[in-house]
Amino acid sequence: MKKVLCELISILLSFTAYSAQCVNFSTNSAFPFIEWYEKYEAGSTYVIDISSVEDFSMDKYEGKSIDSFYVPEKALKAGKWYFKVFKEDKKKALITEGSFEISNEELIKFRLPQAKLNLLTKEHPRLKSLALASEVNKDEKIDELCKTIFPGKLIDLSTDIDKKEAYYVVKNYHSLLFPIALVMEKVALYGLKYENTQCKEFCKRNALFAAELRGKQSTYHITSALAYCYDVAWDIMNDEERAKVEKRLNELKDYLFESMFNWQHGITHNLFWRRTQHFFIAGAVLVSPGSLTEEQIKYILNMLTYKALPALGSQGTSPESLAYHSFGGKCIVSAAKEANELYKFDLFKHPWLQSAGIFPVYCAPPMGYAITFGDNWRPNHGMKGPLNLDFEKLLNKNILNPYVFWYCGIPEHDNIKAKAPFDIPQSIFYRDIGWCVFNTCLVDARENIGIAFKSGKYFTSHQHSDQNSLIVNAFGDALLVDGGYYNANNREYAHSSMAHNTLMINGKGQNKIKDIGNISEFYDSTEYGFCRGIMNSDSLYDGNLNYFERNLFFVKEGFIVICDFIKANNEKNNLEWLLHSQNRDGIEVKDQSFRINNSNSQLRGEILLPEKTIMTVESAYKIPVTDRYYNIPLPENFVANEQILKCQTKTSQKESLILAGMQIQKKSLANSEDIKFRLIKLPNAVAVEFNSYYVLFNKQSEHVKLDGIETNAESAGFKISENGELESVMLIKGNYFKFKNKDIFKSEQKINWKLSEKFTFNKINNPILLLDGKSGGYISGSLRKSKTSLSLSNLSGALNIDRNGLFSIQLAPESKAKDKVFVRIGQKGTILSKENNYTASIWLNSGGKLINILGNGDVTGVTINFISSEKFTASPYKVKNSVLNIEAINTLDKWSPEKAQISLVNNNLKKYRVVFSREGEEAAWELNIPSDGKYKLVFAGAKNAVFEIFVDGKSCGISKMENMEKEKTTMVCPELFLEKGKHTLMIKYLDGLFFIDNFLLDL
């Protein structure tokens, strides 16, 4: 065994000089993971010395290990430490030495007991505990699944394939191997959970076939499925068959183990976690006392706990964006469940997992666009909250966070009631990944202004060159976006600085690996938010810059002021200050100002410095946008209208300053007039005045006088009322603040400070929640008041719906609402406004639902009444005499439509689809009917959907489709009598999963 282990170590070292990474390293963990694989010999005992000083004269700790790694028994304090590793049986021969730095920002004190691997050395099956904990239902149509077999021939993806055919490789992965792996795993879980003999035969047959597959890259993702099948069928296999499957499993397991050392994207990458998940399953099936697998499992468990998870920090975030937070997060949760069930190793107590559920709550409030940097689904800024619900629910079963229950629409679980995030800080600084996220209302994005800022270190490949970039969402709209599409042709643009709201210089952008940033200041209050991002290196922007500082001051009434300090390496420079929008009307520019219009809001801004700036607007896409996997150009109407605003200025000096003011306006407010920004130049400082607010940037931190105030703060925001009174203040790094010669604030040290805010919660009396005139559940509420903001009523509670159907929602009669009232039931939302008499309809399925109501004024509750149920159910239909075949192509953004207006009539069938994702979305067609008659409306490619059909504005009833396959045509509506001539056909989406490839009218 010793010889075999040493041979494996030799192989591992051929992949990477891993010890070189260990000699000097940094960690967030108070229990550093020290390893010495290069010099490790099985059966040896090692002595480890650790000290806070290089000569080991003080703070010295000594430990022992028989493994290739060591984790201290006691937590170490933040700072720099030194270590030496000796092999005791050779008179303390020095094996390796080095140092490590424990972060001062964060200290993860997380220690677990040793894993109990001996629990896995019993006879098979060894994975039954995982099967019993799974959600495989006994009602599964297991007979149908057991008929599934591998096709007779699979393409070997381990061979070289022309890059032009790369999309075919990915297509093969998704259309063949991955679904097969899911079927194998589901059947195996069923067989383990319910001891089904038919499943054993299936698992044996498919495991033997899968063992023939070759190519590490093409087959590693079926490792878990192969391990499950082997575990189920072990007792009906002979020795030769077991040896065949074990050999292949060992190859795949060792490949996964090796790749974790040689993983080029870093240990925070989502596929690292997926490999960990597969490795734990395969290792559990193969482990035996004293085996190589046992040593590998111990190593990976400890590396996961004390190196990999700490690399993600304690805040539950992902540097790869929200999309990969969900994907990688599912893998982490699955690995944690496996470690807990198989090895009695409870990772769910780790701070990252404890905090991960709240990340989407801050970044993707319900009913609005998500704030997220990095690779996402197309377009990169096209996702809407609530997001990642499968992951959120999976995680929160082990974490039990009431705010996450609320986000997922779960009223109660394990005696913990859901709680709306109304009474927690609305903004957050994610220091681990370098994101600031400011919000004004987490409960509903349609009432929220959300601003994000990015400046942080590089982790892994799905990040972009987007240091000192910002995103702005408001009132359900996306105003300033993270640009680009995540696909083969567009990736180069999407990853570049040109696709982000940051800076270009002399045509150069950032190097995403080398040009890192840092958020040096973050401060938040009810009225203001501030952050500062700094990039400081002689080689920034391909050697063009050596310093780039961006200050963002957010006035939560709806204003942003940005001040950039730039130091270049050359005398003459061409600066391009960039903003991106994906709205349909484009970006308007005039002189030094710009405007971005959207459905519910608009953003207008002015460039105050430099005083002469050339503004241009251009399309973002120089090459066609293609499908992510198949490299096929998307139809023009499928591509978001992304435009780039370039504010260009030429300088003849090394230091530059850019100052801009922006106003966010809600269109429904009567007082949403344009506010003028006034530039104020001061000695060694600049300020902006607007709407009684002042924002100051004092680069030299010297004494500044401005309209009755005096301060030496690096930055300050304050408001002076019309009668000359000081209403609010926020200081960044200041000693004092005077107003009209009166000391408002004084300190011996420079600190961040804010004027005390008047902020209260008052209980709402007798809130109402009625279902069909009867009490429908519990409801509670509060009224938030502060000195400068509007009052917001927030009611939350739970109700039980006893049937599927369309319901009307109406504001309680005694309510006196102002503007709009936002209602969310489960994952669905609607708006009650004066224009619709504070009434709306919504489709609800039966069961317990969480309800939230948010509005201005005296809002006391809602009444909910049943209207109707579905009238017609889907059924297979054979086409008889089609007179009109309509291809459904969306003329707006397919991926995140406000309304899917469709108006293309064509006899050709194509693969593009209209996709509905939000209740209330509508699709409309103008039809030219050739003759009077009764017509049947037939769809293809839709399933599990509830929708309402309208002809010329008149409802023809609610229809429902269930579990229909894509290839089958499906009748969804009764006969329609249509007169010859033009008619408008409209579909209103209510519930389920609904996409349309094509539909037809049949006589």
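Q: A cavity is a set of grid points where a 1.4 Å probe fits but cannot get out. How much space lies in the second largest cavity?
A: The model is predicted. A volume here is the space filled by probe spheres set on the grid points. For the second largest cavity, that space is about 50 Å³.

Q: Which element gives the largest share of the lining of the second largest cavity?
A: The lining includes Thr268, Leu312, Glu320 and Trp352. Two helices, H10 (270-286) and H12 (322-343), each supply at least two lining residues. The largest share is five residues, and it comes from H12.

Q: How many charged residues are in the lining of the second largest cavity?
A: Among the lining residues are Asn270, Trp273, Ser318 and His325. By class, five are nonpolar and six are polar. The charged count is one.

Q: What volume does the largest cavity have?
A: A search of the whole structure finds four cavities of 30 Å³ or more. The largest of these has a volume of about 80 Å³.

Q: Which elements give two or more residues to the lining of the largest cavity?
A: The lining has 15 residues. Tyr369, Ala445, Asn448, Gly450 and Asn473 lie nearest the centre of the cavity. The elements that give two or more residues are helix H14 (359-363) and strand E13 (469-474).

Q: How many nonpolar residues are in the lining of the largest cavity?
A: Tyr and Ala count as nonpolar, while Gly counts as polar. The lining has six polar residues and one charged residue. Its nonpolar residues number eight.

Q: Which strands stand at the edges of the open sheet of eight strands?
A: The order is E16-E17-E18-E19-E26-E23-E22-E21, with antiparallel pairing. An edge strand has a single partner, so one of its sides is left without a neighbour in the sheet. The edge strands are E16 (518-524) and E21 (587-590).

Q: By how many degrees are neighbouring strands of this sheet turned against each other on average?
A: Pairing in the sheet is antiparallel. The angle ignores direction. On average it is 15 degrees.

Q: Which residue in E17 stands opposite Phe522?
A: Strands of a sheet pair through backbone hydrogen bonds. E16 pairs with strand E17 (residues 528-539) in the antiparallel sense, over six bridges. Opposite Phe522 stands Cys531.

Q: What share of the residues of the protein count as buried?
A: The protein has 1003 residues. Its secondary structure comes to 18 helices and 58 strands. Buried means under 20% relative accessible area. The buried share is 60%.

Technical notes:
Residues are numbered from 1 along each chain as its sequence is written. This is a predicted model: local features need pLDDT of at least 70, side-chain atom pairs count only at pLDDT 80 or more; totals for chains, interfaces and linings use all residues. Side-chain values use heavy atoms; hydrogens and water are left out. On a 1 Å grid over the protein atoms alone, a cavity is a set of points where a 1.4 Å probe fits but cannot get out, and a pocket is an open set with protein on both sides within 12 Å along at least five of seven lines; lining residues have an atom within 4 Å of a point. Helices (H or I, at least four residues) and strands (E, at least two) are DSSP runs, numbered from the N terminus. Two strands pair if DSSP finds at least two bridges between them. Axes are lines fitted to C-alpha atoms, for helices over the stretch in contact, and angles run from 0 to 180 degrees between N-to-C directions. Buried means under 20% relative accessible area, exposed over 50%, partly exposed in between (1.4 Å probe, protein chains only).
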